[in-house]
Each structure stands twice: as structure tokens, then as C-alpha cells.
Amino acid sequence: MKLVDNNKATLSFSNGSPSVELPVYAGSIGPDVIDIRKLYGQTGMFTYDPGFLSTAACQSAITYIDGDKGELLYRGYPIEQLATQCDFLDTCYLLLKGELPNEKEREDFHKLVINHTMVNEQMQFFLRGFRRNAHPMAVLTGLVGGMSAFYHDSTDIANPEHREIAAIRLIAKLPTLVSMAYKYGLGQPYMYPRNELSYAGNFLRMMFGTPCEEYKVNPVIEKAMDRIFILHADHEQNASTSTVRLCGSSGTNPFAAISAGVACLWGPSHGGANEACLNMLEQIQASGGVAKVGEFMEQVKDKNSGVKLMGFGHRVYKNYDPRAKLMQETCNEVLAELGLEKDPLFALAKELEKIALEDDYFVQRKLYPNVDFYSGIVQRAIGIPVSLFTGIFALARTVGWIAQLNEMLADPEYKIGRPRQLFTGATRRDVPASFQR
């Protein structure tokens, strides 16, 4: 972050109060920012920005998004290149360390993560406290937070060594915890991880394997799972990432901070979007399927109908979501591999996609299919239940949360988060004397 030469913002007031000069800073790319840290001290006023739509709460070197161009960069690398030339653990190394690994670093990091995928055996007893029909995200929130009770040597957020150990443990053990939550709901035995498998292959085996027979990893499905992880690894200062930063700013342990991110991600407007998308498709299917798609889309156009189109458009991207293009490719590969091109629900999804890409109403509003639309279809095709979609999102996003948390803690300017407010309640008043008890 550097000061923009000969460029300051001047804030003037119509009530005669003296104007205030504010510094302007520039990042390496993206919009400049106006530094308002001293605004309250100089004017006695706060800024008002619900949703933080115009506020940069931190400086970061991890992920950059240009929503107008439809561009997503991890540490400067385009997501299109990472998704086609790297695997998820390469991406994890990049997000954590700032650079892609060389051959020796890659081998060591992959081995380190894969060799720490087992969880403490007592975690399965922790699971028994949940009802069998509990939502996997409720279970996962508890399990991730509960890790701090098992791994005492990595709970000091102020200790860089503890943070590094916690990072590896969280990345390594999340697939095991997600699969355990799934198996618990089914009543099936948990599958222990295997060190000779890839990160994605291991996850698939723990999800769908049983002790009754050897599980063979399908390379097409393995590649699809790995790509889902890469595309969801980080996404700049979104709601859950901001939650992790805010939670971590209090000095809480890394497992608690990541658990807060899991809880935030659960919301249907965030990580639950792909779950909401599949639920929408199933509702259309139940009401008549492909034949009713046109009628459904007309209802979407009617603002008074209350019908929402899930899985299309994005708050950040005002162009085509670059992750959606990659996920669309993976979606077609998976459906072809599994012979599901003519499955009624997937045929319905394709018809929705066709209308959204051709109808002027959706094109003009840039309501293109987003990554949630395609990732939901892929996960359902693989056999992952809709209720577990957000859990897999959390698994993938954990590395981004950790990278963002570590970056914040290493920033000498970081402070505990304390948003301000515009108070609109009652002014000072006294309790009536007659109310005394």
C-alpha cells in the first residue's frame, strides 16, 4: 500500500464545518482507497456503509477479483491456469506461502498434509452427541471448534509455529471430518484415510467406500472433486472470510476462528447457494420438469411473484464468473463419464442454462450461471447429498480462511474489529418512579 502522489481526498461540509483532507492509497491493482482512520478524531463523525460495499477493512496480498472483467487471481495467478495446471494442494501451498512450490517443496507439502489426515479417535465419540438427522453443517461447526480441545499444541494464535501446525491440521483433517459427518448420518462405519491416495481421492474413498470391498477411485471424479476444491479455495473479503478475520482479531484460537467461518458459510446467501440451487431444480422437477421451465423463468421475471432464480448472477461478478466456465467444463465431463446426460434433473438444469444465456432479460442483467449452479450439479451426479454441499465448500475454503487469518495477524496495523453504528433508538430517559419494585 502506498500513498498516491499529489492526490488527497477533501471532505467538505455544507454546515460551515472546516473541510478535512484524507490520504489516498493505491494497491498494486484495483481501486484506490481513501484512508478514513482519523475521520472520527478530526470530525466526530463515522462513515455509514451497510454491508461494507464501499469499505476496505484490511490490506491483503492473497486474492484479487475484478468483477467487471470476470477475473479471479490467487497470488497473481489466474484461476483458469491454476485449475488446469495445478492440484488443490499446490493451490494450498500458494495461498499459504505466496508462491507456487518447487518440486521438492511440492513433494514435502503433499506428504505433510496427506500424512496428517487422521483425527483423534475420540472425535467419533464427540459425534455421538449429535442426532443422526442433524444437518452436516451443524455437526461440522461443532467438530471444527472442538478440535481446539484435542490439539492443545496449536491453539496460540499469537505463535507463528502454532498457526502453521494448525493450518496443516485443518487442511488435512477437514476431509476426514466432513466424511465422518456424512457416514454418521448414514449409520455406516467411518473409513480411515489412506496415505497413498491423493487429497481428493482420499476424500472420495472416505465418503463412498465401505469395509466390505475395495474402493476404486474414478480419475474423472477425482479430477472434478479436486477442481471444486481449487475453485472454492479463497474469494477475497467475503462474509465468511471477514467473519474469520473478525473472530481471529480478538485473539481466539485458530480452530474457533475457522469454526466461525464454517457457521457463516452455512447461510443460503453464501455457501448454501449451491444447496439452494439444487433445491430449486428439484422443486421445478416436482412441478412438471422441463415442460415447466419456461413458465418458471417468466415468474422469475415478474418482480411481484416472489420467485427467485438461484445459481445465476453474483454480487461481485458483473460479467461471467470465471469459475463457472471451468465448472461447466467439469460438469459436462462428469455427466458424460457417469452416463447422466439424459437424467431428468440435469436435462432441466441444461434448459435453465440455455434460457439464461439466450434470453435478453437475463443477458442484459448479466445473470449468467455461476459456480454454484454447476458445482451443485456435479456434486449431485457424484452422489453427494445436497445437505453436504456446503460442508464440502467449507472443506475447500478452509485454506483461504487460514491464509487470510495468518495475513491479518502478521499485519502490524491489525486491531480487534469494532464496527461503528448509526444509533436510531431512544435517547436517554429515566425509569418512571411508579415502576420501582
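Mentor: Met-118, Val-119, Asn-120, Glu-121, Gln-124, Thr-176, Ser-179, Met-180, Tyr-190, Met-191, Tyr-192 and Pro-193 line the largest cavity. This is a predicted model, where local features need pLDDT of at least 70, side-chain atom pairs count only at pLDDT 80 or more, and totals for chains, interfaces and linings use all residues. Residues are numbered from 1 along each chain as its sequence is written, and side-chain values use heavy atoms, with hydrogens and water left out.

Trainee: What makes a residue part of a cavity lining?
Mentor: A lining residue has an atom within 4 Å of a point on a 1 Å grid over the protein atoms alone, and a cavity is a set of such points where a 1.4 Å probe fits but cannot get out. The largest cavity holds about 130 Å³ of space.

Trainee: How does its lining divide by class?
Mentor: The lining of the largest cavity has 7 nonpolar, 4 polar and 1 charged. Ala, Val, Leu, Ile, Met, Phe, Trp, Tyr, Cys and Pro count as nonpolar, Asp, Glu, Lys and Arg as charged, and the others, Gly among them, as polar.

Trainee: Which residues of H6 make the contact?
Mentor: Met-137, Leu-140, Thr-141, Val-144 and Gly-145 do, with contact meaning heavy atoms within 4.5 Å.

Conventions: Helices (H or I, at least four residues) and strands (E, at least two) are DSSP runs, numbered from the N terminus. On a 1 Å grid over the protein atoms alone, a cavity is a set of points where a 1.4 Å probe fits but cannot get out, and a pocket is an open set with protein on both sides within 12 Å along at least five of seven lines; lining residues have an atom within 4 Å of a point. Grid points are joined across faces, edges and corners, and a volume is the space filled by probe spheres set on the points.
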